[in-house]
Amino acid sequence: MSTPILDELTVGDVIAEREFSLTRDSLVRYAGASGDFNPIHYRDDVAASVGLPGVLAHGMLTMGFAVQPVVDWVGDPARVVDYSVKFTRPVVVDPQDGAIVTVVATVGALEDAVARIDLTVSFDGKTVLGKAQVRVALG
Amino acid sequence: MPVNPELQGRVFPSAPPYLVGLEKVREFSRAVFATNPIHFETDAAAAAGHAGVVAPPTFAVVVQEQTLAQLLSEPDAGIDFSRVVHGDQRFRFSRPIVAGDELTATLTVTSVKTLGPHAMVTAESTMVDASGAHVVTATSTLVVRGDE
C-alpha cells in the first residue's frame, strides 16, 4: 500500500468511510484487552442503577476503532503523531441488536508535512465524539 | 469531599515499568477492530522499519491507566470514582509504541477547574522508554460530577 501524498490532498476530501458493528461481545473483548472492567460496560443492572439508558461502549473503545480507517488509509500506524477526541454522547449497545457506529474521515487541514484528519463519528444519527482529530505525518 | 484544588501541579511517583508484550498488542488490536498487519505480524512491522509489532494509537491508555489509578486513590484528591466521567483524551507521540518496549509513565495534574458543583481535572501521563527517551504523552480530562 502506498502512502498518501500531502500535495495531492485538499481540505474537505473524504479519505475513508466505515461502519462498525458493535455487540456486547465487542465490549467484553475490549474490557479484557484494555483492563477497563467498569461494569456499566457489560451489566444492564449496574447501568440502570446509575441512571444510564443501557450498557454503554467504553469511550476509549470508540476512540480506538474510530482511528482505524485513517490507519488503513495512511498504511502505517506509526504515522499517527497526535490523536485527540472529546466524549460527547454515549453509545448504547443493545443486548440483541448491538450498535452501529459510522466513521467518516475528512481532510481538515494541511500543515507542514502533517495532514489533520477530522473524524465524524455517529451513532443513531448523532455524533458521539467531538473535535476528533488525527494528525498524520506524510513527510 | 470536593476535588482538592491543590492537586494542580502535583507530580506523582513514576509507575512501575510496563513491558509491552506481542500477544497483548495483538489482543488489543483485535479489540479495536484493527486489521493492519503491522499490528499483528513481526515480519510486516520489520518490513516497515519497526523493532516490533506496532501498538494501535490508543494502546497507550493501558499504560496510562496505572497512573490514573494512582490519582484516583490519592487520599487527599477528593475524587469519587463513581462520579467520574471521561471528558476528553489526547495522545501525542514522539514515536509509536512497539512490542518489546519497557515504558515508564509519570503523571502530572496539569489543571483543576471547578464549574459550579462539578470539577474538571486534567492529568498528563508522560511515557518514556528504557533509554529515557519520550514515546508518548497521554492526556485525560476527567469530569467529576458534584451534587446538583
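Visitor: Is Phe65(A) buried or exposed?
Guide: Phe65(A) has a relative accessible area of 0%. Buried means under 20%, exposed over 50% and partly exposed in between, with a 1.4 Å probe and protein chains only. Phe65(A) is therefore buried.

Visitor: How many aromatic pairs are there over all chains?
Guide: This is a predicted model, where local features need pLDDT of at least 70 and side-chain atom pairs pLDDT 80 or more, while totals for chains, interfaces and linings use all residues. Residues are numbered from 1 along each chain, chains are lettered from A and ligands numbered from 1 as written, and side-chain values use heavy atoms without hydrogens or water. Rings of Phe, Tyr and Trp (its six-membered ring) pair if their centres lie within 6.5 Å; planes under 30 degrees apart count as stacked, over 60 as edge-to-face and the rest as tilted. Searching the whole structure gives a count of seven.

Visitor: What kind of pair do Phe20(A) and Phe65(A) make?
Guide: Their ring centres are 4.5 Å apart. The planes meet at 35 degrees, so the pair is tilted.
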